[in-house]
Amino acid sequence: MFFCPPQNTYKNFTTQNFIFFLILALLFFPMQIGCDGGAKVKSRNAKKYFEAAKKYDKAGNVKKAVEHYSKAIKENPKYAMAYYRRAVLYDNHGSSDKAIRDYKKFMQLDKQKDDIYPAQRLAAIYAEKGDRANEQKYIAEIQKRQQRNMSKTRSNNDDIRKTKKRS
């Protein structure tokens, strides 16, 4: 059965109506929602390795966690969150060169470009190494990402205000 709203529905469109139609849309057009860093996880094996790696990481088994994040990346080289999580492990356990490589790859693959942490860590790692040029490069990247986040927040707040005025 196909649902068709009455013609005057849009004149008195309220928040309740919006929520109703949003739920309908989600039911009829299911989408994949997940934290995959913007890249679809194409391989079921990649997702399985990623989930196993998170469990090893939580249990404190860094070697196994890195191994499984690496397997997830091998299955799907565009799996941004696998690079990110592996970078954090490398970073926390003294493998700064590997952490740099993975943070950079994550930033390259990350579609939203709003996560500040990888740029902060890269700036800090380069500062520890005494590489002022790269440190400054990532400080500038942090500022760009902060600016972008502030613009998104302002835009979202404007949208909320406009919606409230219409109601």
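## Exercises on an all-helix model

From the N terminus on, the elements run α-α-α-α-α-α-α. The model is predicted.

**Exercise 1.** State how many helices and strands the protein has, and what share of its residues is buried.

*Solution.* Start with the elements. The secondary structure comes to 7 helices and 0 strands. Then take burial, with the cut-off under 20% relative accessible area. Of the 167 residues, 30% count as buried. Finish with the surface. The protein exposes about 11,800 Å², and carbon and sulfur atoms supply 55% of that area.

**Exercise 2.** Check the span of helix α5 against its number of residues, then list its buried residues.

*Solution.* Helix α5 covers residues 96–109, which is 14 residues. The expected span is 1.5 Å times one less than the number of residues. Therefore α5 should span 20 Å. Its end C-alpha atoms are 20 Å apart, so the two values agree. The buried residues of α5 are Ala99, Ile100, Asp102, Tyr103, Phe106, Met107 and Leu109.

**Exercise 3.** Find the residues of the largest nonpolar core that touch the most other members, and trace the contacts of Phe50.

*Solution.* The core holds 31 residues. Those touching the most other members are Phe50, Tyr69, Tyr79, Ala82, Phe106 and Leu122. Next, assign helices. At least two core residues come from each of α2 (44–59), α3 (62–75), α4 (80–92), α5, α6 (117–129) and α7 (132–166). Helix α4 gives the most, with 8 residues. Now take Phe50, setting aside neighbours within four places in sequence. Phe50 contacts Tyr69, Ala72, Tyr79, Met81, Ala82 and Arg85.

**Exercise 4.** What share of the contacts with a separation of 6 or more joins residues 24 or more positions apart?

*Solution.* Such pairs account for 47% of those contacts.

Methods:
Residues are numbered from 1 along each chain as its sequence is written. This is a predicted model: local features need pLDDT of at least 70, side-chain atom pairs count only at pLDDT 80 or more; totals for chains, interfaces and linings use all residues. Side-chain values use heavy atoms; hydrogens and water are left out. Helices (H or I, at least four residues) and strands (E, at least two) are DSSP runs, numbered from the N terminus. Buried means under 20% relative accessible area, exposed over 50%, partly exposed in between (1.4 Å probe, protein chains only). A nonpolar core is a set of buried Ala, Val, Leu, Ile, Met, Phe, Trp, Tyr and Cys residues joined through side-chain atoms within 4.5 Å. Contact means heavy atoms within 4.5 Å. Accessible areas come from the Shrake-Rupley method with a 1.4 Å probe; for residues, only the protein chains shown count as cover.
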